[in-house]
Protein chains: 2
Amino acid sequence: MMQPSQFFHQFLRLSTLLVSLCWHHTVTAQVTAPAQATPATQSQQPALAQTKQLPWVQKHRFVLHQFKTQQGAVIEQVQIGWEAYGQLNADKSNVILITHHFSGSSHAAGRYQASDAAPGYWDSIIGPGKAIDTNRFYVISSDTLVNLNAFDPTVITTGPASINPATGKPYGLDFPLVTIADFVEVQKALLDSLGIRQLYAVAGPSMGSFQALEWASRYPERVQRVIPAIGTAFIDSYTALKLQRWAEPILLDPNWQQGNYYQNQAQPSQGLTYALAAVTLDAMHPLAMAKQFTAPAQDSPAQQDIRTPLLAQQQLLALAQKRSKLMDANHLLYLVRASQLWRVGLGDDWQQAIRRIKAPVLWLPARNDLLLTPAMATTSQQALQRSSNNQLALIDGESGHLDGLRHIDSLQPLIRQFLAQPVN
Amino acid sequence: MMQPSQFFHQFLRLSTLLVSLCWHHTVTAQVTAPAQATPATQSQQPALAQTKQLPWVQKHRFVLHQFKTQQGAVIEQVQIGWEAYGQLNADKSNVILITHHFSGSSHAAGRYQASDAAPGYWDSIIGPGKAIDTNRFYVISSDTLVNLNAFDPTVITTGPASINPATGKPYGLDFPLVTIADFVEVQKALLDSLGIRQLYAVAGPSMGSFQALEWASRYPERVQRVIPAIGTAFIDSYTALKLQRWAEPILLDPNWQQGNYYQNQAQPSQGLTYALAAVTLDAMHPLAMAKQFTAPAQDSPAQQDIRTPLLAQQQLLALAQKRSKLMDANHLLYLVRASQLWRVGLGDDWQQAIRRIKAPVLWLPARNDLLLTPAMATTSQQALQRSSNNQLALIDGESGHLDGLRHIDSLQPLIRQFLAQPVN
């Protein structure tokens, strides 16, 4: 068996250092690359460069004062990051909002600089000439409240790791509970500030689908098309309890200290790593896992000794540890709760609330999704009670829930077609 | 958010008391009800009583010295419990072995006494006139090594909670790693001691299916029929990691103390409860969960306050706490490891090992099983590479993996038919 304390010794020190370096991120995080700079290394055609390739992505900051949550709490100051791809047209009628998933951020497409390891998460379908065509659309995406990547310098968010102006210290669990509807209201305030009244479409994967559906139900006159990918209109008890198991390793970590750990030497890094490992596993599928992780049959050390952890477990934890470095444990708890409470309309009858949606809907569940299953998407689709403008297509792949990121490009023709259809 | 320490305060004291009262169970556990006593309260027909109703079940003890595990360790003395239903015929040709699941025991059918809350787990298909007809068959079932219910007075097992004769103290993690094949070898020694050479059939659900398949592959000349229910011939990396999450709450419990907790005041009860909650959740399905647990939409307290746990979570933990009272945390870790390492033959090529099976096989996956999925059963079935004597039927239901216990009776006609077929 693994001895967690030993395993995390070095990580803990690193993480503590990172936290102390980074937790003022909301003040210093702004990316300072010049607007619309052309990535010279990525294109050799100056005349068409802007239309062949996204320019370097720039992060913007939106500040909102006295934000009142759905549950009636007031957050003194909300700051969130946002980015955009493409050009806003004169009548501001070409806006597509992209809403991000649980572990994601506003970085949906493009790169900040040439050295970036990877582009934004939906880069395969967002860009010049792609299904969400930035030569035609102004694509905008913002960081949610309580974003998981609280210490990532490219993310701007407000949550329990932010400074509570009443105390001068991080909120911790004094930060109010927030919901998917709160995420939507912050996005609406951002769009209002830009003078954007209409959304040509709202699209997002997983927790992003929750926001997209809430947008369309809450503001049916503003939303013209909805694409909920690997999504659902409701979370049932079973899935809520599954999500709870993402929170558990943090709640059980002695360093979590009821959320008051920011000033401590010891951080709940182990709990956060186990939480991320749980997220990764639940988002995956046996077919893809078998190719990436050592099978127990090949794992001689674990076959001999009960004290030796599975190689697959060590591999999963190493990945999780790496992923979790810029994340915050409390933020994960808030995202879990927001997701657990998710259903369209946030009342006690989501089946009624979903019928407020006027926009055409394109449901895109992943065939092998074991987290937000195709069955949940189908139940959601049926609750709309319409036969037209209520389409569903499956994303194929071997990565389960993750196919909503990894293989979304396989449905580019369908997404393109859906976006090309005129609406009333 | 739940404060686990508060939540478990009372339970911890109770549990510690129970442990101190019960952990010598292997010496005192034998059920002393008279053999073949007729339950008068359950039958009004004295003449046919024995054939209409199982008599009170009696627990027997089997002791085995110097048991050598597959990995080469020697266990000084193995004690396991067993029970049987029906009569052994003269040539001992009517024996059906029932192998139990992860949280189960040798108690597959019947009752020990009138006041028992429930009969054995497969009572719906084992008994006079039922699919596994005790008027025809001698049905025998034994507790595995490292049985989860280590402190249950009706269970006799040997594992980390047992006394290590070398030290006079419980083994803890000094107990050797054991495998499904070890479970089978202990059962074989038991049957040998009874002079039983042939098994008319071996049947079991879940981890019981592992044992049934290992029996048929390891001793193809002895096993005439196999019924792996909600089972698989292999555990893949994904499922091994899922099982690891059953172990995690125990490994992360500060009271676990690397398995040396038996003499301590503080027991890893919280870890064990969370582990059981994880087992329950993974064995269930959203459809049944929705009927049993409060939906987040109806959960006002959790909607208001991040510090308030979901009602569904409280309900799940309360159930788990109740279930875990007679269980041992280390035993759970050993069962997890045995299950993680499971594949027929225990070598590096289970697809080859499974083809050693000569017996007809009846695979019975549950349609909605999210733990050992129908896909795993189908892959297992196909690896046998035969078109005859290799049948598969789905158990319907809304309880996922648990349908292998709850709804196995729906396949009684098929099981009866399979058992009636002559074999070469």
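**Helix packing, core and chain contact**

Let me begin in chain B, where Ile180(B), Ala181(B), Phe183(B) and Val184(B) of helix 5 meet Phe210(B), Gln211(B), Glu214(B), Trp215(B) and Arg218(B) of helix 6. Sorted by class, this contact between helix 5 and helix 6 of chain B has six nonpolar, one polar and two charged residues. Please keep in mind throughout that this is a predicted model.

As for the geometry, the axes of helix 5, residues 180-193, and helix 6, residues 207-218, of chain B come within 9 Å and cross at roughly 70°. With angles of 65 to 115 degrees counted as roughly perpendicular, helix 5 and helix 6 of chain B are therefore roughly perpendicular to each other.

Turning now to the core, the largest nonpolar core has 252 residues, and those with the most contacts inside it are Val139 and Leu332 of chain A together with Val139 and Leu332 of chain B. If we take Val139(B) and leave aside residues up to four places away in sequence, Val139(B) touches Ala84(B), Tyr85(B), Gly86(B), Ile96(B), Ile98(B), Ala109(B), Ile126(B), Ile132(B) and Thr134(B).

Finally, the contact of the two chains takes 52 residues from chain A and 52 residues from chain B. On the side of chain A that touches chain B, the elements giving two or more residues are helix 7 (237-251), helix 8 (269-282), helix 9 (286-292), helix 10 (300-304), helix 11 (311-324) and helix 12 (329-340) of chain A. Helix 7 of chain A gives the most to that side, with 11 residues, and by class the residues of that side divide into 32 nonpolar, 11 polar and nine charged.

Terms used:
Residues are numbered from 1 along each chain as its sequence is written. Chains are lettered from A and ligands numbered from 1 in the order in which they are written. This is a predicted model: local features need pLDDT of at least 70, side-chain atom pairs count only at pLDDT 80 or more; totals for chains, interfaces and linings use all residues. A nonpolar core is a set of buried Ala, Val, Leu, Ile, Met, Phe, Trp, Tyr and Cys residues joined through C-beta atoms within 7 Å. A residue is buried if 20 or more other C-beta atoms lie within 10 Å of its own, exposed if 12 or fewer, and partly exposed in between; C-beta atoms are placed from the backbone. Two residues are in contact if their C-beta atoms, placed from the backbone, lie within 7 Å. Helices (H or I, at least four residues) and strands (E, at least two) are DSSP runs, numbered from the N terminus. Ala, Val, Leu, Ile, Met, Phe, Trp, Tyr, Cys and Pro count as nonpolar, Asp, Glu, Lys and Arg as charged, and the others, Gly among them, as polar. Axes are lines fitted to C-alpha atoms, for helices over the stretch in contact, and angles run from 0 to 180 degrees between N-to-C directions. Angles under 35 degrees count as roughly parallel, over 145 as roughly antiparallel, 65 to 115 as roughly perpendicular and the rest as oblique.
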